[in-house]
Amino acid sequence: LDLRGLAGLSAQTDSPASSKLAIVAVDDLAFGLGRMYATYRELEARGTREVEVFRCRADALAWLGLDADGG
C-alpha cells in the first residue's frame, strides 16, 4: 500500500479552493492508515484539501460543518 503515492496523486486533483475530507475509521488499523494518509497530505505542497480522521460519523460531520442528516 503506497499511501505517500496516493496522497501525492490525490493532491494533484485538488481544486484550487481549499476543502475538507473527513475519513471515518472505527477500527484501529483503518484509523492508523487514515492518519498516515492525512499526514502525507499535509506534506503535499500542491494539495488544498484538509484531511482529518475520526472514530465516529457525528464528529466527522461536525468538523465538516454538517448536521447528522448530511446537510
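**Exercise 1. State how many helices and strands the protein has, and give their order along the sequence.**

Solution. The protein has three helices and two strands. The model is a predicted one. Reading along the sequence gives the pattern α-β-α-β-α. For contacts between residues at least 6 apart in sequence, 72% join residues at least 24 apart.

**Exercise 2. List the residues of the largest nonpolar core and find which elements give two or more residues to this core.**

Solution. Start with the members: the largest nonpolar core has seven residues, namely Leu-3, Ala-7, Ala-25, Tyr-37, Ala-38, Val-51 and Val-53. Next, assign them to elements: those giving two or more residues to this core are helix H1 (3-12), helix H2 (28-43) and strand S2 (49-54).

Then take one member, Tyr-37, and list what this residue touches, leaving out residues up to four places away in sequence. The contacts of Tyr-37 are Leu-3, Leu-6, Ala-7, Ser-10, Leu-21, Ile-23 and Val-51.

**Exercise 3. Identify the buried residues of H1 and name an element that covers them.**

Solution. The buried residues in H1 are Leu-3, Ala-7, Gly-8, Ser-10 and Ala-11. H2 is included in what covers the buried residues of H1. For the whole protein, buried residues make up 25% of the 71 residues.

**Exercise 4. Count the aromatic pairs, classify the geometry, and decide whether Phe-54 and Trp-63 are buried or exposed.**

Solution. The count comes to one aromatic pair. The rings involved belong to Phe-54 and Trp-63, with centres 5.6 Å apart and planes at 45°. To pair, ring centres must lie within 6.5 Å. Planes under 30 degrees apart would be stacked and over 60 edge-to-face, with the rest tilted. The planes of Phe-54 and Trp-63 stand at 45°, so the pair is tilted.

For burial, the cut-off is under 20% relative accessible area. Phe-54, at 14% relative accessibility, counts as buried. Trp-63 has a relative accessible area of 19%, so Trp-63 is buried too.

**Exercise 5. Describe the accessible surface and the charged side chains of the protein.**

Solution. The accessible surface comes to about 4700 Å². Carbon and sulfur atoms account for 56% of this surface. Turning to charge, the protein has 8 positive and 11 negative side chains. The centres of these two sets lie 4 Å apart.

How values were computed
Residues numbered from 1 in each chain as written. Predicted model: local features only at pLDDT ≥ 70, side-chain atom pairs only at ≥ 80, totals over all residues. Heavy atoms only, no water. Core = buried A, V, L, I, M, F, W, Y, C linked by side-chain atoms within 4.5 Å. Buried < 20%, exposed > 50% of the residue type's maximum accessible area, 1.4 Å probe, protein only. Helix = DSSP H or I, 4+ residues; strand = E, 2+ residues; numbered from the N terminus. Contact = heavy atoms within 4.5 Å. Areas by Shrake-Rupley, 256 points an atom, 1.4 Å probe, with all protein chains shown as cover. Lys, Arg positive; Asp, Glu negative; His and termini not counted. Charge placed at Lys NZ, Arg CZ, Asp CG, Glu CD. Phe/Tyr/Trp six-rings, centres within 6.5 Å; stacked < 30°, edge-to-face > 60°.
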